[in-house]
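Please look through the sequence and the model shown here. The questions after it can be checked against both.

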Amino acid sequence: MAREEVYTGSIEKVEVMDAGDDIDLDEEALKTLYKNMVLARKFDEKAFALQRRGDISTYAPHKGQEAAQIGAMFALKDDDWMVPSFRETAAFIMRGAPLEKIFQRWMGDANGQKGLAELNTLPVAIPVGTQNLHTTGLGMAMSFKDDDNAVIGFTGDGSTSEGDFHEALNFAGVYEAHSVFFVQNNQYAISMPREKQTKSETIAQKALAYGIEGLQVDGNDILAVIKATREALEKARNGEPVLVEALTYRLEDHTTSDDSSRYRDEEEVEKWKENDPIKRFREYLEEKGIWSDELEDYEEEAEGKIDEAANKALEMDDPEFDELFDYVYGEMPELLAEEKEELREEVVGNE
Ligand SMILES: Cc1ncc(C[n+]2csc(CCOP(=O)(O)OP(=O)(O)O)c2C)c(N)n1
């Protein structure tokens, strides 16, 4: 057997809408999914605008990845855990994080991350790939305690070239962690296209080396994402970690500091716009006769909600400059307490 077939032959690809299939969801659930996708898209647009006028210093858009994030979070139960990377705003919205808190975090105020523990959600990880170790750690704890929860951790295609990712998968396999590694393969790591990132034919096959299951899913098909993630979570609950590779596309720049027209063709972007997850889901709802004025009007309602939340965040007081020391440890070590005091004396003393 050719080398490629050994790997890709064992990788299943999950599709629902294109395959003419369905999953077991009632009308209310389908509407909730659509509304959350629209809300997340509106958040993205607003955050972009706020960055351009100087109220946010940098922002990582998720436009085009709404089905992947919202579908995955829909499959997660409230008492499961979620581990985000930095592009998971849509996932945070689906998790029920208050919109003004999410804006507050993007405005650089760590208070925006407060309250996440009640949502069984970890804070955002900016270093690429480090959060995979947290996904494994939480999953190992669940395995040791023999409980039936699971954890889903988000990560990007680029992060799968990092050592942390491989260490995380190795430990997850050995310790039968209750972990799902949800890779959003959005085709780029900043300007680095997926094909130049790795010689692997798929990201999913990287799981096989660690003795865990890897599968691909059409990440712009929200129903396929729910189906694949549900199955993966069920296995993880029983000590079988899974890697899900969601095939999607970042329709916007990497961050507001990037200009993607310098490294990808308009033609390619246009092709993926045709595959826009919101457009596809709307077409599905229309076909099923579920589309309604309520959904049509939701766009305006969502804009209102987003504007209100952004204004709330803008009106909040700025944090104290030395609060950043408070979030590193549960109990602050003496040395850090001294440094905090020193900084305060210096800043306040010089005022
Ligand atoms: C350890 C580390 N190296 C480099 C960076 C700079 N950096 C930020 S995002 C990024 C690319 C990440 O690509 P991917 O994992 O595909 O996620 P995406 O940004 O596409 O969501 C890089 C290199 C970083 N934040 N951390």
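This is a predicted model: local features need pLDDT of at least 70, side-chain atom pairs count only at pLDDT 80 or more; totals for chains, interfaces and linings use all residues.

Residues are numbered from 1 along each chain as its sequence is written, and side-chain values use heavy atoms, with hydrogens and water left out.

Q: What is the strand order of the open sheet of 6 strands?
A: Strands here are DSSP runs of E with at least two residues, helices are runs of H or I with at least four, and both are numbered from the N terminus. Two strands pair if DSSP finds at least two bridges between them. The edge strands, S1 and S2 (81-83), each pair on one side only. With parallel pairing, the order is S1-S7-S8-S4-S3-S2.

Q: Which residue in S7 does Glu12 stand opposite?
A: S1 (residues 12-14) and S7 run parallel and are joined by 3 bridges. In S7, Glu12 faces Leu215.

Q: Which residue of S8 is the bridge partner of Gln216?
A: S7 and S8 (residues 242-247) are parallel, with 6 bridges between them. The partner of Gln216 in S8 is Glu245.

Q: Which helix does the chain pass through as it crosses from S7 to S8?
A: This β-α-β crossover is right-handed, meaning that with the strands pointing away from the viewer, the path from the first strand over the helix to the second runs clockwise. The helix on the path, residues 222-237, is H9.

Q: How many residues of S8 are buried?
A: Buried means under 20% relative accessible area, exposed over 50%, and partly exposed in between (1.4 Å probe, protein chains only). Val242, Val244 and Ala246 point one way from S8, and Leu243, Glu245 and Leu247 point the other way. S8 is largely enclosed by the rest of the structure, because the buried count is 6 of 6.

Q: How many residues of helix H3 are buried?
A: H3 covers residues 66-75. Its buried residues include Glu66, Gln69 and Met73. H3 is largely enclosed by the rest of the structure, because of its 10 residues the buried number is 9.

Q: Is Arg194 buried or exposed?
A: Arg194 is found in helix H8 (residues 194-197). Its relative accessible area is 9%, so Arg194 is buried.

Q: Which residue's backbone oxygen does the side chain of Arg194 reach?
A: Contact means heavy atoms within 4.5 Å. Not counting residues up to four places away in sequence, Arg194 touches Asp157, Asn185, Gln187, Ser200, Glu201, Thr202 and Ile203. At 2.7 Å, its side chain reaches the backbone oxygen of Glu201.

Definitions and conventions:
A polar contact is a pair of N or O atoms within 3.5 Å; within protein, one must be able to donate a hydrogen and the other to accept it, and residues adjacent in sequence count only if both atoms are side-chain atoms.
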